[in-house]
Amino acid sequence: MKVGIADTTFSRINMGKIAINELRKICSLPYERYTVPGIKDLPIAAKKLIDERGCDIVITCGWVGATENDKLSYIVLSMSLQLVQLMTGKHVIDVTIHEDEAEDEQELLVVAENRVREHVRNAVDLLLNPKRLERLAGTGQRQGYEDVGEIRR
Amino acid sequence: MKVGIADTTFSRINMGKIAINELRKICSLPYERYTVPGIKDLPIAAKKLIDERGCDIVITCGWVGATENDKLSYIVLSMSLQLVQLMTGKHVIDVTIHEDEAEDEQELLVVAENRVREHVRNAVDLLLNPKRLERLAGTGQRQGYEDVGEIRR
Amino acid sequence: MKVGIADTTFSRINMGKIAINELRKICSLPYERYTVPGIKDLPIAAKKLIDERGCDIVITCGWVGATENDKLSYIVLSMSLQLVQLMTGKHVIDVTIHEDEAEDEQELLVVAENRVREHVRNAVDLLLNPKRLERLAGTGQRQGYEDVGEIRR
Amino acid sequence: MKVGIADTTFSRINMGKIAINELRKICSLPYERYTVPGIKDLPIAAKKLIDERGCDIVITCGWVGATENDKLSYIVLSMSLQLVQLMTGKHVIDVTIHEDEAEDEQELLVVAENRVREHVRNAVDLLLNPKRLERLAGTGQRQGYEDVGEIRR
Amino acid sequence: MKVGIADTTFSRINMGKIAINELRKICSLPYERYTVPGIKDLPIAAKKLIDERGCDIVITCGWVGATENDKLSYIVLSMSLQLVQLMTGKHVIDVTIHEDEAEDEQELLVVAENRVREHVRNAVDLLLNPKRLERLAGTGQRQGYEDVGEIRR
């Protein structure tokens, strides 16, 4: 089994490198990396990683700017990553950082690093350990921020 | 015939467990459960439940946060679940809880539990008892809240 | 040739019954009815009516609530009914009532009844009498309200 | 080669007739006309004109009302006409009149007539004379209004 | 290997010509140009360049007006270019100029020229030199404006 990692030159943090670092920490699965200019190039990159390079799951690392056009591109990215999954029958885990989701650049760095690492662990669980996800069902897991927990009676 | 149930670790209520409980109460159909991280992973989970695990209908249990990005993800989820249905020729029943649709967490619990149970009954009717749905046509059925009834002259 | 009629238990008016009544009045085409819970179940119902039950055209009867989520579901419905048509090569005539388009429930009843009946006639013309539609081209036809007419020099 | 022309009974101007008139003026290509109730019926009409009646290009003539629902239908129309093109490998030229784009009905008539005629000429150029379009690249052509011209240093 | 370049007569700058000029400067790859009326004609042009004229990558040069309808068309364009990529398995690099993104026409000229040239270089790197993009991963590259750089601890 092989993991694909797609990232961009548009991103202001080397998310692909963090993803590879986390992957190396937690398992010995081989990986393929594919760097493209921006988020709208990620869906075809993910599809190529699956179709042409034999990946069984792909983690896409996207960075979304703060303008309205960037937000529209994010919707297009999201919908297209769904199409990639439905066309290939494989999971694509979308790790997105929104440039305006944190107060300053240092906080963005922390959120981005945590979110990439947690999504990599999710991707590996989907491939190797789906029962762990089932045990976490309904427990309010979050990626990049603290988990919010289950609502209790 | 087999029922698929897909749910998430993002949800703050164990909706998949409630769905299985209701299914066990009302019929003896076998089921498969698939837990994924978040709502954008549900469409491919539904497709896999149909294509790889032989399910004839799938109930997806999604939890949508209150931010604008969460709402965008919900549109992407909805459209993608349509694609799954049109690609596979099977019904996928989407049970969604919007974190901001109730006043407090206890009310959310009630809405979520009722909505999951009613949608499970709808799913089973679609498979086993479509004539019951035809008898309810135009009667203002609601899931999670009280039915609003037919408009009468 | 056979007509499919898909409607919902969510609707507050028995639109499917009105559609069948109109169809019986104006032609002797056989029909199949398929009732589903809500509008997001209509596209797969339409596809099944065509693929599994041999319908040559489908009339979907949808009822859209007044909340923002209902409006989003309506966009998803509209787009998905387009996909059904393009995948099957058959017309699907979408009859939608928006709960907030009339002043009160009695007016909604009138609009709904008229709109269903006029769309059924359109559907039958598309199948049996396309030249009649060509004669009406550019004449400002409306369904459910009075026609607005052609703009004249 | 054959040109398809699809129009609606919803339109308040007989756009299909204007399109046929222009086509007759500028070339001798045969055509097929298909009139449908409204804009959401145009995509399947365009697909049928290509698949079932052998058209090599289709001109769809749509009229969009001024309500928010009409605008949503326009997005759905636009996206679906893209799908028709990508599924068939043929151009579909979308001529849309927005009811609220002009001050009064007489101005709408002028815009509509000009826009239909200019798009018909574009469609014929795409089929028979693509080099003419290349010569006009980057020159700020508009359909229905005056051309705005190239930006010069 | 061959590069496709699609542009429009709607654009107010001859973006296709700039793209060809840049391509000639940096490599000796052959190219095909396809000029269409407007941005909604670009997706099928890109698909034809790949399917019918053997291009391995396509650069689409679009110009988006300032009205709300233009912005809707841009979303439709973006989504459709994604579909072209997923259907063909090839990259399509979308170079879009938004008429309202600069203060005056002279600034628009500069942005457009820079953006086209940088995207052409990206396209060539995707084909011939993917490792260069990987070295730029996470460095905040921008096209048409100055790069914003990596966020550092």
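**Figure 1. The contact between chain E and chain D in the predicted model.** In this predicted model, the contact draws 36 residues from chain E and 33 residues from chain D. Together the two chains bury about 2,900 Å², with 60% of that area on carbon and sulfur atoms. On the side of chain E, the residues T9(E), R12(E) and I44(E) supply 22% of the area buried against chain D, more than any other three residues. Across this interface there are two salt bridges, and 17 residue pairs are in polar contact, both members of each pair having a pLDDT of 80 or more. The elements of chain E that each supply at least two residues to this side are β1 (3-8), β2 (31-36), α2 (42-51), α3 and α4. Helix α3(E) provides the largest share of the side facing chain D, with nine residues. Sorted by class, the side of chain E that touches chain D holds 16 nonpolar, nine polar and 11 charged residues.

**Figure 2. Close-up of a salt bridge between chain D and chain E.** The side chains shown are those of D94(D) and K40(E), which meet in a salt bridge with an N to O distance of 3.2 Å. Across the interface of chain E and chain D, the salt bridges number two.

Figure 3. How many cavities of 30 Å³ or more does a search of the whole structure find? The search returns one cavity of 30 Å³ or more, and the volume of the largest cavity is about 50 Å³. By class, the lining of the largest cavity consists of two nonpolar, three polar and three charged residues.

**Figure 4. The contact between chain E and chain A.** Here chain E contributes 33 residues and chain A contributes 36 residues to the contact. The area buried between chain E and chain A is about 2,900 Å², of which 60% lies on carbon and sulfur atoms. Within chain E, the residues that lose the most area to chain A are Q82(E), L86(E) and I151(E), which together make up 25% of what that side buries. Polar contact joins 17 residue pairs across this interface, with both residues of each pair at pLDDT 80 or more. The side of chain E that touches chain A receives two or more residues from each of α3 (68-88), β4 (92-98), α4 (105-128) and α5 (130-135) of chain E. The largest share of that side, nine residues, comes from α3(E). The residues on this side of chain E fall into 14 nonpolar, 12 polar and seven charged.

**Figure 5. Close-up of a salt bridge between chain A and chain E.** Between chain E and chain A the count is two salt bridges. The pair in view is K40(A) and D94(E), whose side chains meet in a salt bridge at 3.2 Å, taken from N to O.

**Figure 6. A salt bridge within chain D.** Over all chains the salt bridges come to 93. In the pair shown here, the side chains of E105(D) and R12(D) meet in a salt bridge at 3.2 Å, N to O. The two residues belong to distant parts of the chain, with E105(D) in helix α4 (residues 105-128) and R12(D) in the loop between β1 (3-8) and α1 (15-26) of chain D, 93 residues apart.

**Figure 7. The surroundings of M1(B).** M1(B) lies in the segment before β1 (3-8) of chain B. Leaving aside residues up to four places away in sequence, M1(B) touches L29(B), P30(B), D56(B), L127(B) and L128(B). The C-alpha atom of M1(B) is separated by 7.0 Å from that of C55(B), although the two residues are 54 residues apart along the chain.

**Figure 8. Chain pairs without contact.** Chain A and chain C do not touch, and their nearest C-alpha atoms are 13 Å apart. Chain B and chain E likewise do not touch, with 12 Å between their nearest C-alpha atoms.

How values were computed:
Residues numbered from 1 in each chain as written. Chains lettered and ligands numbered in written order. Predicted model: local features only at pLDDT ≥ 70, side-chain atom pairs only at ≥ 80, totals over all residues. Heavy atoms only, no water. Contact = heavy atoms within 4.5 Å. Buried area = accessible area lost by both parts, 1.4 Å probe. Salt bridge = Lys/Arg side-chain N within 4 Å of Asp/Glu carboxyl O. Polar contact = N/O pair within 3.5 Å; in protein donor to acceptor, adjacent residues only side chain to side chain. Helix = DSSP H or I, 4+ residues; strand = E, 2+ residues; numbered from the N terminus. Nonpolar A, V, L, I, M, F, W, Y, C, P; charged D, E, K, R; others polar. 1 Å grid on protein atoms, 1.4 Å probe; cavity = no way out; pocket = protein on both sides within 12 Å on 5 of 7 lines; lining within 4 Å. Points joined across faces, edges and corners; volume = space filled by probe spheres on them.
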